[in-house]
Amino acid sequence: MTKIIVVNGCLRMEKSNTSKILTPFLEGMEQAGVDIEMFYIKRLNIQPCNGDFYCWNKNPGICHIADDMQMLYPKLRDADILVFATPVYSPLPGEMQNLFNRLIPLIDPQLRTRDGRTRARFHANVKIKKMVLVSSSGWWEKENFETVLRIVKELAEDVNVEFAGALLRPHIDWLVNNDEKAKEIFDAARQVGFQLVREGKMSKNLLNIICQPLISNKRFLSKMR
Ligand SMILES: Cc1cc2nc3c(=O)[nH]c(=O)nc-3n(C[C@H](O)[C@H](O)[C@H](O)COP(=O)(O)O)c2cc1C
């Protein structure tokens, strides 16, 4: 069965805004038949990378920092799809960046040039084939996701796995008291979850439904003052 690992960087965990989009997405994947395990970074002890390159030069693939990454590494190696869930925190919570840095032991240190860029690959024992981003933000425009989106895309490109797309929900607070739009958006999130498992990709139209504007920028600004 397809294995999904969700790394959830939402510090408000179950109460987080991002989980409003993540939950139906995972439901859709479950309906399609997958094995999902989710880890809240906040509940884990994940130290920062200390940059000594032990995992590349001394003992390739092995990180010597004794923390919860030692529990997570085998699960990450064994996942087919890796889902990152995070809010936009100009650009993302520091705990999430620590996690990204600590993925280095999964990467083969043999660098090569791909499309004019210095790139790597995962070690042969890492199964991950796709990465997905699920994110929410407070401000009005989608451009608020550009940095976090670039970070996850860059990681996928660097290790030569497919970036399968992003479920992005700007001005998410405006979903409250808007049951009609909330239903449309949660249904779309459920459908792309199902699609990703069954068809291997998510429809652009459905992803656009998830990030559609809920109010005008003018109204947003007038209410924020
Ligand atoms: C430290 C911090 C920085 C933030 N920076 C941005 C930002 O740059 N752009 C934006 O649209 N929202 C920003 N937000 C708002 C959050 O992205 C938004 O409230 C989000 O839905 C929170 O998701 P969560 O409940 O899953 O943590 C910021 C929030 C915090 C606490």
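Contact here means heavy atoms within 4.5 Å. The model is predicted, so to speak of a local feature takes pLDDT of at least 70 and a side-chain atom pair counts only at pLDDT 80 or more, while totals for chains, interfaces and linings use all residues. Residues are numbered from 1 along each chain as its sequence is written, and side-chain values use heavy atoms, with hydrogens and water left out.

**Exercise 1. Find the place of Asp80, say whether Asp80 is buried or exposed, and list its contacts.**

Step 1: Look in the loop between helix H3 (69-77) and strand S3 (81-87), where Asp80 sits. Helices (H or I, at least four residues) and strands (E, at least two) are DSSP runs, numbered from the N terminus.

Step 2: Asp80 is buried, yet has no salt bridge. Buried means under 20% relative accessible area, exposed over 50%, and partly exposed in between (1.4 Å probe, protein chains only). A salt bridge puts a side-chain nitrogen of Lys or Arg within 4 Å of a carboxyl oxygen of Asp or Glu.

Step 3: The nearest side chain of opposite charge is Lys127, 4.0 Å away. For charge, Lys and Arg count as positive and Asp and Glu as negative; His and the chain ends are not counted.

Step 4: Skip the neighbours within four places in sequence, and Asp80 is in contact with Met1, Thr2, Lys3, Lys127, Ile128, Lys129 and Lys130.

**Exercise 2. Which residue does Asp78 pair with in a salt bridge, and where do the two partners lie?**

Step 1: Asp78 pairs with Lys127, and the closest N and O atoms are 3.8 Å apart.

Step 2: Asp78 is in the loop between H3 and S3, and Lys127 in the loop between strand S5 (117-122) and strand S6 (130-136), so this pair links distant parts of the chain, 49 residues apart.

**Exercise 3. Work out which parts the salt bridge of Lys75 and Glu37 ties together.**

Step 1: The closest N and O atoms of Lys75 and Glu37 are 3.2 Å apart.

Step 2: Lys75 lies in helix H3 and Glu37 in strand S2 (residues 35-40), so the bridge ties together parts 38 residues apart in sequence.

Step 3: Both ends are partly exposed, Lys75 at 28% relative accessibility and Glu37 at 32%. The structure holds 16 salt bridges.

**Exercise 4. Describe the backbone at Ser90 and its link to the ligand.**

Step 1: Ser90 is in the loop between S3 and H4, and Pro91 is found in the loop between S3 and helix H4 (94-101).

Step 2: The peptide bond from Ser90 to Pro91 is cis, with omega near 5 degrees. Phi of Ser90 is near 30 degrees, a positive value in a residue other than glycine. Most residues other than glycine have a negative phi, and most peptide bonds are trans.

Step 3: With a relative accessible area of 72%, Ser90 is exposed.

Step 4: Now bring in the ligand: a polar side-chain atom of Ser90 lies 2.7 Å from one of its oxygen atoms. Ser136 also has a polar side-chain atom by a ligand oxygen, at 2.8 Å.

Methods. A polar contact is a pair of N or O atoms within 3.5 Å; within protein, one must be able to donate a hydrogen and the other to accept it, and residues adjacent in sequence count only if both atoms are side-chain atoms.
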